[in-house]
Each structure stands twice: as C-alpha cells, then as structure tokens.
Amino acid sequence: MNTNDDIASRRAHNRKVIIPYRILAFDLLFYYTISYLFLVNVRGFTTAVIVFTDSFYPFFKLLLQIPTTIIIQRIGKRNSLVIANIFVALYVLATIYAFNAFILVLSNFFVAVAFVIKGMCESTILFDSLEPNDNVHEEFSKYESRSAAGYYFVDAFTSLITGFLYVVNPYLPLYISLIKEIFAVIVCLKLKDIPTENSELYEKVEKKPTAIEEAKKYLKNLSQAFKFIFKSKRLRSLIIYNGLFASMLSLMVTLRRSLLDDTNVSSEYFGIIFTVLGIVAAVSSSYTFRIHMKFRNRTLTFLGLLFIGSIILSGLVVVLKLPLAIMYYIMLLMFSIQYIIKGPFYTLIKQYLNSFCDSDMRLKIYSANSFVEYITATIVSFVCSQFLLHYTNAETTIIMGIIFGVSLVLLLIYMLHHVGLKPEDYPKEDIDYKNFM
C-alpha cells in the first residue's frame, strides 16, 4: 500500500471510531452529580478542603502546558490520548479512595494532565482524520456536533439515575464511572495517528525539535502575546474579564452543590436538578447569536451583572432562612440563570478574542489567555477556601459574589472606552498586532 492509500485508510478508520470515542471520553459520566456528596458525606471532607484542593487543578494545568506539548510531540496524539484517559481513570480511583487532602491534590494532578492533553489532541486528531477538501470545516463541525450531542444525551440520562444509584450504594456511581473510563481507554487504542508532512510515511523527513527547542518556542509565543496584550487595552480587558468570569463559573460548580446539600436536598433530586440544568445550558447555547445581536457591545456587561446577582441571591436566600418552598424556587431560578449564562459566555469570549488577529496570533493569544485564567482560578479558589474556614457555605457564596461583583463592575467601567468600539475607533496599538510579532 502506498503512502497516500495508507493515510486514507487511517483517516477512514478514525472516522468510524471518533464519535463513539468522544461520547465515552468527552468528560466524566456518573461522577459530577454526586462527587461533592461523596467527598463530604462518605470521605468526610469539608467544603473548604474540597475547594482548596481544587485550586491546584488550574495551577497544575498552567505548569503542564510545556511538558505535555513536548510529550505529544514525542509520542504522538493517539498515544498521548491513551495516557490522558488512563489519567482520568486514576483521577476517579483516587477520589474513591481519598483519605486525606494530599490524595485529593494528587487526583487534581491526574485530571489536569488528562485534560491538558485532551484539549490539545482530541479536536486535532479529528481534523487530521478528515479528507482535506473545501468542505473540511463543515465536516469537522458535523462530527463535533454529533459527538457532543451524543455525549450530552448520555450525560443527561446518567445524571438522572446517578442520584438513585448513590442511595443504593454511594460507591456505585464512582465504580461505574471508573469502568466507563476503562472502556474509553480501550476505544482510544483503536484510533490511529495520521502522519503529517514531517512524518516518516512521507518522503520528506525533518528533524524533530528537541524538548528545549519546544519549550523555547512556547515561551517565545507567550512572550509575543503578552507584549501585544500589555499594549492593547482592549485585549487586556477581555483577558482579565475572562479570567474573573471563568474562575467564578468554575468555583460555583462546588458552591452550588454545597448550598443544595446544606438545605438537605436528597441525592435523588441532585440528579434530577442537574439533568434539568444541563438541558437549560444546552438550549441557551443555541441562543448565543441572538444574545449578541440584542445587546451588542453591552453583552458582557449584561452577562456579568446578571451572573453577579444570581450568585449573591442564591446564597442570600439560604442565609435568610426563607420558607423552604420559596428558598428552593429562588435558588433553582438563580442556578438556571447561571447555566443560561454559561454556554453563551464561552462562545462569545472566544469570538471577541478572535477579532482583529490571524490564526498565528490567535494561538498565541489563547495561550496567554489560558495562562491568566489558570492563575486567576487558582487565586480565586484559594481565597474562597480560606473564607470557608470561617463562614458557612451560603455566607461564603455571598462574600465571593460581592468580591467578584465589585471587581467586575470596576473592570466594566474601564472597558466602556476600550471594548466594543468600531474598528476605526480603536487606537492602532489596540488592534495592530503585527508590530509585536
């Protein structure tokens, strides 16, 4: 078989495997709905310890950017994904048997390794598996949407039954999740690396860069991005906004569950509630364009202020000890608002970061944006864990909402004259990245 036939065969094979793989490996199943309950009620951890150990996750992701890039270059995308899925399994296993905070920190290291590699490889290996023609981007979107839809459907079903499985045996959902990760590893082994023009399957063979050269390249790209960011008030504002907002979105994953647990919501209802919220998020994502068209350059302000209010109110109704029916109604309404905001936010912030730059500079800006986001998320989680040592979960939610609110309002005031302008209204240093290459 000649080189072109071999490559075509590998691509066709991967296209048969990629959707089942993505459904299994997109994210954890049978886990998130009850992980907080398991750690608090079975393993005996406090919310403060959980949030503190979770703060290591973005920190590890930051540290792992260069090492994982080098690993992927050395062993290929497919082998790297096999390692990533093994590390997800180790994460679940460590959670099951966590008996102290160190094990939880270690589990966050495992999952950080996994999702840094997944973020770099999964979409890339799909794109490599498509035939290079004029419709390749449409094909990519089709495969991505089909696999995502398949995952969300399975996730909705598993979330619905996870709470009931937890009642039967609190370990049962986690063991099922672990078995699912083992299947993900097995399916991942069926994927094949698609050779690039620097591969040995091509006539042209180039010397691969050394680990030091890879590290230097990454740091150079990061340096160029920050050089532009420091000069561009527009880009600096967007990256700080994303760091704050994404950090609070991540933190609220734990705080929402702590509020429900504090108000004695049963594990069965946990599953039902987060199944409904997941559907709400999926539906809201389809309205991203409408939200942008309605609010235009006020979109980030609208999303930010709505999110601040939902955080503070969700904690306030618990502190005030309102009648249960009213408290549950308001709290679930606030959670729904947070999920409605979540989907459009991630899409819109990428859209705004993409503006005024080409693909090369876009990758550098994404690297810098991730760098800032990971640092901010680490700080926010650590600060929250310290408040949790002295205040209740509801009081801490209000405090974090106020701190986030004040920070975001000050940033939004600054952004009034630097973001959402017409291209001709921006100073040259805000959008002319070419001078910083």
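# Briefing: helix contacts, salt bridges and positive phi values

Phenylalanine 30 is found in the loop between H1 and helix H2 (32-42). Helices here are DSSP runs of H or I with at least four residues, strands are runs of E with at least two, and both are numbered from the N terminus. This is a predicted model, in which local features need pLDDT of at least 70, side-chain atom pairs count only at pLDDT 80 or more, and totals for chains, interfaces and linings use all residues. Residues are numbered from 1 along each chain as its sequence is written, and side-chain values use heavy atoms, with hydrogens and water left out.

**Positive phi values**

- As background, most residues other than glycine have a negative phi.
- Phenylalanine 30 has a positive phi, near 60°, and is a residue other than glycine.
- Phenylalanine 30 counts as buried because its relative accessibility is 14%; buried means under 20% relative accessible area, exposed means over 50%, and partly exposed is in between (1.4 Å probe, protein chains only).
- Asparagine 264 sits in the loop between H11 and H12, and its phi is also positive, near 65°.
- Is asparagine 264 buried or exposed? With 69% relative accessibility, asparagine 264 counts as exposed.
- Lysine 321, which follows H14, has a positive phi near 55°.

**Salt bridges**

- How many salt bridges does a search of the whole structure find? The search finds three, each being a side-chain nitrogen of Lys or Arg within 4 Å of a carboxyl oxygen of Asp or Glu.
- Glutamate 122 pairs with arginine 22, and their closest N and O atoms are 3.8 Å apart.
- This pair links distant parts of the chain, since glutamate 122 belongs to helix H7 (residues 101-128) and arginine 22 to helix H1 (residues 3-25), 100 residues apart.
- Glutamate 122 counts as buried at 7% relative accessibility, and arginine 22 counts as buried at 6%.
- Glutamate 122 also meets lysine 118 in a salt bridge, with an N to O distance of 3.1 Å.
- Lysine 118 and glutamate 122 are four residues apart in helix H7, so about one helical turn separates them.
- Lysine 118 is buried, as is glutamate 122.
- Which residues are linked in a network of salt bridges? They are Arg22, Lys118 and Glu122.
- Lysine 180 forms a salt bridge with glutamate 181, with 2.5 Å between the closest N and O atoms.
- Lysine 180 is buried, with a relative accessible area of 7%, and glutamate 181 counts as buried at 2% relative accessibility.

**Helix H11 and the helices it crosses**

- The axes of helix H11 (residues 233-262) and helix H17 (residues 393-415) come within 10 Å and cross at roughly 165°. Axes are lines fitted to C-alpha atoms, for helices over the stretch in contact, and angles run from 0 to 180 degrees between N-to-C directions.
- H11 and H17 are therefore roughly antiparallel to each other; angles under 35 degrees count as roughly parallel, over 145 as roughly antiparallel, 65 to 115 as roughly perpendicular, and the rest as oblique.
- The residues of the contact of H11 with H17 divide into 18 nonpolar, five polar and three charged. Nonpolar covers Ala, Val, Leu, Ile, Met, Phe, Trp, Tyr, Cys and Pro, charged covers Asp, Glu, Lys and Arg, and the others, Gly among them, are polar.
- The axes of H11 and H12 come within 11 Å and cross at roughly 140°. That angle makes H11 oblique to H12.

**Helix H14**

- Helix H14 (residues 299-319) has 21 residues that should span 30 Å at 1.5 Å a residue, and its end C-alpha atoms are 31 Å apart, which agrees. The expected span is 1.5 Å times one less than the number of residues in a helix.
- The buried residues of H14 include Thr299, Leu303, Phe307, Ser310, Ser314 and Val318.

**Residue pairs far apart in sequence**

- Valine 280 is part of helix H12 (residues 267-285) and is partly exposed, with a relative accessible area of 22%.
- Valine 280 and isoleucine 337 are 57 residues apart in sequence, with 9.0 Å between their C-alpha atoms.
- Arginine 11 lies in helix H1 and is buried, with a relative accessible area of 15%.
- The C-alpha atoms of arginine 11 and lysine 192 are separated by 8.0 Å, although the two are 181 residues apart along the chain.
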